[in-house]
Amino acid sequence: MIEWIDLHPKDLQATMNKNCLTFNAACLPLLQRAYRVRVGIDEGKLVIYPISKERFDQGDLDERSLFEVKLKKSYARLCSTSLLNELAKRLHLDLSSPKRYKVDGGPDNEYLLIHTEVN
């Protein structure tokens, strides 16, 4: 029996280091509408909430609390050393080397939930 090789990831994953938060290709459908993202913490989990351009243009969100996410063909990346330092401090993470975390889509896939409490 032939076993076909599929290199496209099916599991949602994020990799964090001291400079960047990188999402694998499986996360891209949940980030497609993201012009910016809000980042939060909920019970030891990291919450990434996509903000569309239309929502951003309403002007009622504090721009300083929104972060740019770059979408590529096979990954998405949020780069902010100051944000990653703050997350490492608040979540007690050692980001001296890259760490991979499981990601879930929140209810109705409105946001991404990164399980930083489990490595």
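Strand β1 is joined by three bridges to strand β2 (residues 20-24), and the two run antiparallel; here helices (H or I, at least four residues) and strands (E, at least two) are DSSP runs, numbered from the N terminus, and two strands pair if DSSP finds at least two bridges between them. All of this is read from a predicted model, in which local features need pLDDT of at least 70 and side-chain atom pairs count only at pLDDT 80 or more, while totals for chains, interfaces and linings use all residues. Residues are numbered from 1 along each chain as its sequence is written, and side-chain values use heavy atoms, with hydrogens and water left out.

With three residues between them, β1 and β2 form a hairpin, and within it T15 stands opposite T22 of β2. Strand β1 also pairs with strand β8 (residues 99-105), in the antiparallel sense and over four bridges, and on that side T15 stands opposite R100. Strand β2, in turn, pairs with strand β7 (residues 75-79) over five bridges, again in the antiparallel sense, and C20 is found opposite C79 of β7.

These pairings belong to an open sheet of nine strands, which follow one another in the order β5-β3-β4-β9-β8-β1-β2-β7-β6 with antiparallel pairing. The edge strands are β5 (66-67) and β6 (70-71), each of which pairs on one side only.

Which residues make up the covered face of β1, and which the uncovered one? In strand β1 (residues 13-16), A14 and M16 belong to the covered face, whereas Q13 and T15 belong to the uncovered one. In a regular strand the side chains alternate between the two faces of the sheet.

From the sheet we can turn to a pair of rings. A search of the whole structure finds one aromatic pair. Y35 and F56 form this pair, which is tilted, with 5.0 Å from centre to centre and 55° between the planes; rings of Phe, Tyr and Trp (its six-membered ring) pair if their centres lie within 6.5 Å, and planes under 30 degrees apart count as stacked, over 60 as edge-to-face and the rest as tilted. Because Y35 lies in the loop between α1 (28-31) and β3 while F56 lies in helix α2 (residues 53-57), the pair ties together parts that are 21 residues apart in sequence. Y35 is partly exposed, with a relative accessible area of 29%, whereas F56 counts as buried at 16% relative accessibility; buried means under 20% relative accessible area, exposed over 50%, and partly exposed in between (1.4 Å probe, protein chains only).

How much space lies in the largest pocket? About 160 Å³ lies there. On a 1 Å grid over the protein atoms alone, a cavity is a set of points where a 1.4 Å probe fits but cannot get out, and a pocket is an open set with protein on both sides within 12 Å along at least five of seven lines, its lining residues having an atom within 4 Å of a point; grid points are joined across faces, edges and corners, and a volume is the space filled by probe spheres set on the points. The lining of the largest pocket consists of V39, G40, I41, S65, F67, L83, E86, L87 and R90. Both β3 (36-42) and α3 (81-91) supply at least two residues of this lining, and α3 provides the largest share, four residues. By kind, the lining residues divide into five nonpolar, two polar and two charged, where Ala, Val, Leu, Ile, Met, Phe, Trp, Tyr, Cys and Pro count as nonpolar, Asp, Glu, Lys and Arg as charged, and the others, Gly among them, as polar.

A few single residues complete the tour. H115, in the segment after β9 (112-114), is buried, with a relative accessible area of 12%. Not counting residues up to four places away in sequence, H115 touches K45, Y101, K102 and D104, contact meaning heavy atoms within 4.5 Å. H92, in the loop between α3 and β8, counts as exposed at 73% relative accessibility, and H92 has a positive phi of about 55° although it is not a glycine. Most residues other than glycine have a negative phi.
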